[in-house]
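Thanks for asking me to look this one over. Here are my notes, in the order I would go through them at the screen.

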Amino acid sequence: MRLTLFLTKSLTLRKWHEQGILDRELAIYHALQSLGVQISIVSYGGRDEHEFLSKLGGMHLLTNWIAWNDRRYEHRLHQLHGLSFWRTDILKTNQMIGAEVAVRTSRAWNKPLLLRMGYLWSYNAKQAHPDKPKYLQQVEQIETEAIRHASHIVVTTEDIRQRIVDRQPQVADKITRIPNYVDTNVFRPMNEPKQYD
């Protein structure tokens with residue numbers, strides 16, 4: 001099986017590295033690799049992203065190697081990386097921001113789309129930008145279309161699932177709740193005396 005992951009729009013492996021989350025974000029894909037899944041990652045970075053190839057452990061990296069501006073890359077990456085998309089079996093988003101790029105690619109190459117949401121973009125946008133109605137309308141349109149188009153949707157909480165179902169009841173059967181994982185090799189109870197309990 002071949003899976004292609006779309007990073008959040010404008011995100012790069014370098015940004016994950018700078019935020020200290022690169023290893024955590026890649027861990028689940030390394031686990032999938034161990035099960036025989038071939039992984040490709042769509043990044044919004046350029047050729048300099050290749051410095052992280054050693055971290056990918058054989059994952060295929062799709063970058064903006066041609067150095068197009070962000071807007072052109074977003075609108076044309078389904079063509080630029082066409083051979084990889086033709087070979088893939090399933091497309092997956094990391095978050096909702098940028099889902100329209102994955103939807104466009106899914107339609108262009110007739111590939112199923114797994115839409116993953118760690119948060120509901122429209123809800124967060126309303127909290128952060130209540131004074132920007134055009135922006136909020138655009139976010140809602142992108143989100144609604146991505147939810148409608150997706151073959152399956154993974155959310156991290158029951159609250160997100162319920163908010164989606166309240167808006168689009170017809171998609172209830174294609175939503176699965178999978179909470180964020182915790183690496184128990186790193187985060188586990190320690191047998192040390194506590195100053196406070």
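Among contacts in the chain between residues at least 6 apart in sequence, what percentage join residues at least 24 apart?

1. **Contacts along the chain.** The figure is 57%. Contact here means heavy atoms within 4.5 Å.

2. **Ground rules.** This is a predicted model, in which local features need pLDDT of at least 70 and side-chain atom pairs count only at pLDDT 80 or more, while totals for chains, interfaces and linings use all residues. Residues are numbered from 1 along each chain as its sequence is written, and side-chain values use heavy atoms, leaving out hydrogens and water.

3. **Overall build.** You will find nine helices and seven strands in the chain; these are DSSP runs numbered from the N terminus, with helices being H or I of at least four residues and strands E of at least two. The chain's radius of gyration is 18 Å, close to the 16 Å that the globule rule gives for 197 residues, so it is as compact as a globular protein of that length. That radius is taken over C-alpha atoms, and the rule is 2.2 Å times the number of residues to the power 0.38. Along the principal axes, the C-alpha atoms fill a box of roughly 55 × 40 × 35 Å.

4. Of the 197 residues, 44% are buried. Buried means under 20% relative accessible area, exposed over 50%, and partly exposed in between, using a 1.4 Å probe and protein chains only. The chain exposes about 11500 Å², with carbon and sulfur atoms supplying 51% of that; the areas come from the Shrake-Rupley method with a 1.4 Å probe, and for residues only the protein chains shown count as cover.

5. **Strand pairing.** β1 pairs with β2 in the parallel sense over five bridges, and F6 stands opposite V42 in β2. β1 also runs parallel to β4, joined by four bridges, with L5 partnered by K92 in β4. From β4, two bridges lead on to β5, again in parallel; there L91 has L113 as its bridge partner. Two strands count as paired if DSSP finds at least two bridges between them.

6. **Covered strands.** Four of the five residues of β1 are buried. In β5 (residues 113-117), five of five are buried. In a regular strand the side chains alternate between the two faces of the sheet. Both faces of β5 are covered, with L113, L115 and M117 buried on one side and L114 and R116 on the other.

7. T4 sits in β1 and counts as buried because its relative accessibility is 0%. Beyond four places in sequence, its contacts include S40, V42, L62 and F85. I39 belongs to β2 and, at 3% relative accessibility, is buried too. I39 touches L3, Y29, L32, Q33, M59 and H60, residues up to four places away being left out.

8. **Helix α2.** The 13 residues of α2 (residues 22-34) should span 18 Å at 1.5 Å a residue, and the end C-alpha atoms are 18 Å apart, which agrees; the expected span is 1.5 Å times one less than the number of residues. α2 does bend by about 30 degrees at I28, the bend being the angle between axes fitted to the seven residues ending there and the seven starting there. Its buried residues are L22, E25, L26 and Y29, and their cover includes β1, α1, β2, α3 and β4. After α2 comes G36, with a positive phi near 95 degrees.
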